[in-house]
Amino acid sequence: MSGRERRLLIVEDDPGVQRQLRWSFDEVEPIVAEDRQSALAQLRRYEPQVVSLDLGLPPDPGGVEEGLRALREILALDPRVKVVVITGNNDRDNAVRAVAMGAYDFYEKPLDPELLGVIVDRAFKVYELEEENRKLSRSRQDSPLAGVVAASPQMEHVCHMVEKVAPSEATVCLLGESGTGKELLARGLHQLSPRAGNRFVAINCAAIPENLLESELFGYEKGAFTGANRQTRGKIEHAHGGTLFLDEVGDLPLSLQAKLLRFLQERVVERVGGREEIPVDLRVICATNQDLEEQLARGDFREDLYYRITEVTVRIPALRAREGDAAVIARSLLEQTAREQSRPVPRLTQDAVHAIEAHSWPGNVRELENRIKRATIMCEGGRITPGDLELEAPETEPLPFNLRQIREKAERTALHRALNHTNNNLSRAAEVLGVTRPTLYALLDKHQMRSGRATKNA
């Protein structure tokens, strides 16, 4: 972004200060407003990236309420904009209030153009980085699997499987705990398939009472039962030409499993109360959080149906088993939630990131989404802490990124294990570790582990 593409909105009622600020920012395009209403009008017209806002605005230039109201309305109109609040001398309390409301930074009078210029320039750079990130996110939406936020090798393997099986007509079964994103992957399968231009019809087999599920799936004829006043097509017919997604297929009652099996084999349906066989052409994707093999052993799931729906099985790992994904997904959910609520995007503190990485996430992504939404509402000062997430900061230190620290930690762990395993016998410990005794002595000295700890010989 070149200088002239940078637009700075200066909200200030003093003409002298206006001129001083305009001269201070000669490398940007300055836009001036003298009160709250004109500031909102200029914001709509010019869409500046940064706003410098004096809290003392008419009709109450001696107070701050009008300026804080302007701040609130500016951020509601454009949550992306960076607002630098200018306060009176020794007025840090109101500056803190403004930052808690979403201001990017604050500056206390009297004006120092050089220092204020540094703050404003940094605000432009942060805006540009965030805008670049938003563009990258939007470009990823061109991919049908763009909704799957993941960085772990486990999920990369899952996405690769989905991409490979999508062009085929194979029936796919997605296995995973509740909240791992099975429907999201099912929609990705549909969008990558030749049937992408047709319907994606989803039905949750666990959410519909057993006595209604058959008519929901297969439809019914007029007069088939009390209340059947007209002929109605089922979900299977609605999905003709497209994809049928049977969610929680493990909860399908045995009485319906035989009828579903016949449909999968013959690709025809009979409505409840009907005699006519209706051919359908569709792709079937199933999902469940249950152990189907265990259900087979108990006799709760038909073996022939099991092999029909599991032509290709994709196992989706739980969030706790996906290395590094929790923090990545949390940041993505944070941006999405802030956008939906027209709020500035808050920042996760390092303690919050460590707490997210340490939590076991029994509710998977659904639990993470719940905590992020709550934290976005409850956080103060634009920062999300472990307390806002209702998580405890981990007692153990987070894993280091520095290779030297990682190597030293691994060495200490190996030395402790070897010494414990050999009852502190250095000769045997060196043999277990595959090093010479002089090397072992050097390692023990390096990690200060030799004093009174070990014996030289058996």
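In the predicted model, five strands form an open sheet with parallel pairing, in the order β7-β8-β11-β6-β12. Strands β7 (200-204) and β12 (312-315) lie at the edges, each pairing on one side only. From one strand to the next, the twist averages 20°. Within this sheet, strand β8 (residues 243-247) is joined to strand β11 (residues 283-288) by four bridges, and the two pair in the parallel sense. At this pairing, L246 stands opposite C286 in β11. Helix α7 (residues 182-192) packs on the sheet, where it touches β6 (172-175), β7, β8 and β11. The direction of α7 makes about 155° with that of β6.

A further open sheet has five strands in the order β2-β1-β3-β4-β5, and here too the pairing is parallel. Its edge strands are β2 and β5 (105-108), each of which pairs on one side only. The twist in this sheet averages 20° from one strand to the next. Helix α1 packs on the sheet and touches β1, β2 and β3, with its direction at about 165° to that of β2. Helix α4 (residues 92-101) also packs on the sheet, touching β4 and β5, and its direction makes about 160° with that of β5.

Strand β1 (residues 7-11) has four of its five residues buried, so the strand is largely enclosed by the rest of the structure. On one side, β1 pairs with strand β2 (residues 29-33) in the parallel sense over five bridges. I10 has V32 in β2 as its bridge partner. Together with helix α1 (residues 15-24), β1 and β2 make a right-handed β-α-β unit. Strand β1 also runs parallel to strand β3 (residues 50-54), to which four bridges join it. In β3, V50 is the bridge partner of L8, and L53 is the bridge partner of V11.

Strand β3 is mostly covered, with five of its five residues buried. V50, S52 and D54 point one way from the strand, whereas V51 and L53 point the other way; all are buried. Besides its bridges to β1, β3 has five bridges to strand β4 (residues 82-87), and this pairing is again in the parallel sense. The residue L53 has V85 as its bridge partner in β4. The chain passes from β3 to β4 through helix α3 (residues 65-77), in a right-handed β-α-β crossover. Between these two strands, V51 stands opposite V83 in β4.

Contacts between helices were examined for α8 and α10. The axes of helix α8 (residues 210-218) and helix α10 (residues 254-266) come within 10 Å and cross at roughly 10°. An angle under 35 degrees counts as roughly parallel, and α8 and α10 are therefore roughly parallel to each other. On the side of α8, the residues in contact are E210, L213, E214 and F218. These meet S255, L256, K259, L260 and F263 in α10.

Burial was also examined in helix α18 (residues 437-446), where L440, Y441, L443 and L444 are buried. Seen down the axis of α18, the buried residues fall within an arc of 165°, so they line one face of the helix. Just after α18, Q448 takes a positive phi of about 55°.

Methods: Residues are numbered from 1 along each chain as its sequence is written. This is a predicted model: local features need pLDDT of at least 70, side-chain atom pairs count only at pLDDT 80 or more; totals for chains, interfaces and linings use all residues. Side-chain values use heavy atoms; hydrogens and water are left out. Buried means under 20% relative accessible area, exposed over 50%, partly exposed in between (1.4 Å probe, protein chains only). Two strands pair if DSSP finds at least two bridges between them. A crossover is right-handed if, with the strands pointing away from the viewer, the path from the first strand over the helix to the second runs clockwise. Axes are lines fitted to C-alpha atoms, for helices over the stretch in contact, and angles run from 0 to 180 degrees between N-to-C directions. Contact means heavy atoms within 4.5 Å. The arc is that of the directions from the helix axis to the C-beta atoms. Angles under 35 degrees count as roughly parallel, over 145 as roughly antiparallel, 65 to 115 as roughly perpendicular and the rest as oblique.
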